[in-house]
Amino acid sequence: MEITINDAAKKISQNKNIAIAPHVNPDGDGLGSTLGLYHALVKSGHNVKIFVDDDIPNAFRFLPGWENFIRPEEQVDGIDLLIVLDAEPERIGRVTEVIKAPILNLDHHRSNTKTANFLYLAPERAATGEIIYLLLDNMQIELDTNIAICLYTAIATDCGFFKYSNTSSFTMQTAAKMLDYGVEPNRISEALEQKKFTDVKILPAVIDTLTLYNDGKIAIISVTKDIKENCDSTADFVEYARIIEGVDVAIVVKYSDDKVTRISMRSKYTDVASIAEKLGGGGHIRAAGCTINDDLVNARKCILAVVEAEMAAK
Ligand code: 5GP
Ligand code: MN
Ligand code: MN
């Protein structure tokens, strides 16, 4: 059932024991909005547990409270409300198996499957972090430095540090407010930009896989098993494809295991959310992803064919 942000605020206020979870393959928005809400609810007297069915990437281990994330393993009793952030309940892995409670879903993905008991969906928001800001404002919970660091990170990472087309006046104004609570943007950028020596040294191998197709409108990079095993983070590789002049759709095809390949897409014109949805994934018009159950070579051929067909149809 779709509800208003006011109803979402009421639901949270009425429940004492709360669990919060972002999507698997967690990013700055998922982790930042979960931790921002966590700090705020703890402060207002709730019992709060945070879950993520994945590793926390090293880059985000500066976020206050990240060490409180629990990996869902055994049944968790006594939870009144499970809040799912930045994705639908199908994308939080085993959390829904270990916690049996009504689900409140706060999200900004147009592709949200709308399966939660209660859903506040705001596709016009650049990040779930913006939704959490509005929610806390509604609940009259005063921000503090920890909350502000988390929400700034959530917002800034999802709009590419105010570069992407989802950046609105509200996005910048909300981020600006976080500075009034003590956020130092340079320190957050520095923490996120840090790279391991190995991750820079691996770049020639990554760039070697970069190829243009469709008169230079499609760029694909492969992250092979070897590349993946020899670096810490692959998150930024898509940028090297995205920034090439004339490229509309930038794709990273990443080894997951011998029969599973992850796809990441960014675009200037083509709706990549629809392409991802056709393959069982989702996301935004300009940034989306999916999983293909095949090896890297076949998955690369498959995604190229699907994107080419989509572009030809337009
Ligand atoms: P990324 O390429 O950074 O992993 O993801 C880009 C956007 O697409 C993010 O908003 C992410 O949440 C969404 N996304 C990526 N993969 C999937 C997927 O498999 N399913 C769904 N529903 N969304 C995805
Ligand atoms: Mn996300
Ligand atoms: Mn997001």
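**Entry 1**

I started with phenylalanine 162, which is partly exposed, with a relative accessible area of 22%. I noted that the model is a predicted one. I placed phenylalanine 162 in the loop between H5 and helix H6 (169-180). Its phi is positive, about 70°, although phenylalanine 162 is not a glycine.

I then looked up lysine 114, another residue other than glycine with a positive phi, in this case near 60°. Lysine 114 sits in the loop between strand E5 (103-107) and strand E6 (118-121). I recorded lysine 114 as partly exposed, at 47% relative accessibility.

**Entry 1: threonine 153**

I found threonine 153 in helix H5. Threonine 153 has 0% relative accessibility and counts as buried. I also checked threonine 153 against threonine 115: they are 38 residues apart in sequence, and their C-alpha atoms are 27 Å apart in space.

Histidine 23 is in the loop between strand E1 (17-22) and helix H2 (28-43), and aspartate 86 is in the loop between E4 and H3, so the pair ties together parts that are 63 residues apart in sequence. I checked the burial of both residues. Histidine 23 counts as buried at 3% relative accessibility, and aspartate 86 is buried with a relative accessible area of 0%.

**Entry 2: the manganese ion (ligand 3)**

Which residue coordinates both the manganese ion (ligand 3) and the manganese ion (ligand 2)? I found that aspartate 86 does, with the two ions 3.7 Å apart. Aspartate 86, in the loop between strand E4 (81-85) and helix H3 (95-98), and aspartate 158, in helix H5 (residues 145-158), are 72 residues apart, and the pair links distant parts of the chain. I have both aspartate 86 and aspartate 158 down as buried.

**Entry 3: ligand 1**

I counted 14 residues around ligand 1, the closest being Arg91, His109, Arg262, Ser264 and Arg266. By class, the shell has three nonpolar, seven polar and four charged residues.

I went through the polar atoms next. An N or O atom in the side chain of histidine 109 is 2.7 Å from an oxygen atom of ligand 1. Arginine 266 has a polar side-chain atom 2.8 Å from an oxygen atom of the ligand. With glycine 289 the backbone is involved: one of its N or O atoms lies 3.5 Å from a nitrogen atom of ligand 1. On its own, ligand 1 has 490 Å² of accessible area, and the protein covers 85% of this.

Which strand gives the most to the shell around ligand 1? I found E12, with four residues. Strand E10 (260-267), strand E11 (282-283) and strand E12 (287-292) each supply at least two residues of that shell. I also checked the domains. Ligand 1 lies between domain 1 (5-193) and domain 2 (197-313), because both give residues to its shell.

Notes: Residues are numbered from 1 along each chain as its sequence is written. Chains are lettered from A and ligands numbered from 1 in the order in which they are written. This is a predicted model: local features need pLDDT of at least 70, side-chain atom pairs count only at pLDDT 80 or more; totals for chains, interfaces and linings use all residues. Side-chain values use heavy atoms; hydrogens and water are left out. A residue is near a molecule or strand if one of its heavy atoms lies within 4 Å of it. A polar contact is a pair of N or O atoms within 3.5 Å; within protein, one must be able to donate a hydrogen and the other to accept it, and residues adjacent in sequence count only if both atoms are side-chain atoms. Accessible areas come from the Shrake-Rupley method with a 1.4 Å probe; for residues, only the protein chains shown count as cover. Ala, Val, Leu, Ile, Met, Phe, Trp, Tyr, Cys and Pro count as nonpolar, Asp, Glu, Lys and Arg as charged, and the others, Gly among them, as polar. Domain bounds come from an automatic or database domain assignment. Donors are N, O and S atoms within 2.8 Å of the metal (3.2 Å for Na, K and Ca); water is not among the atoms, so sites may look incomplete. Buried means under 20% relative accessible area, exposed over 50%, partly exposed in between (1.4 Å probe, protein chains only).
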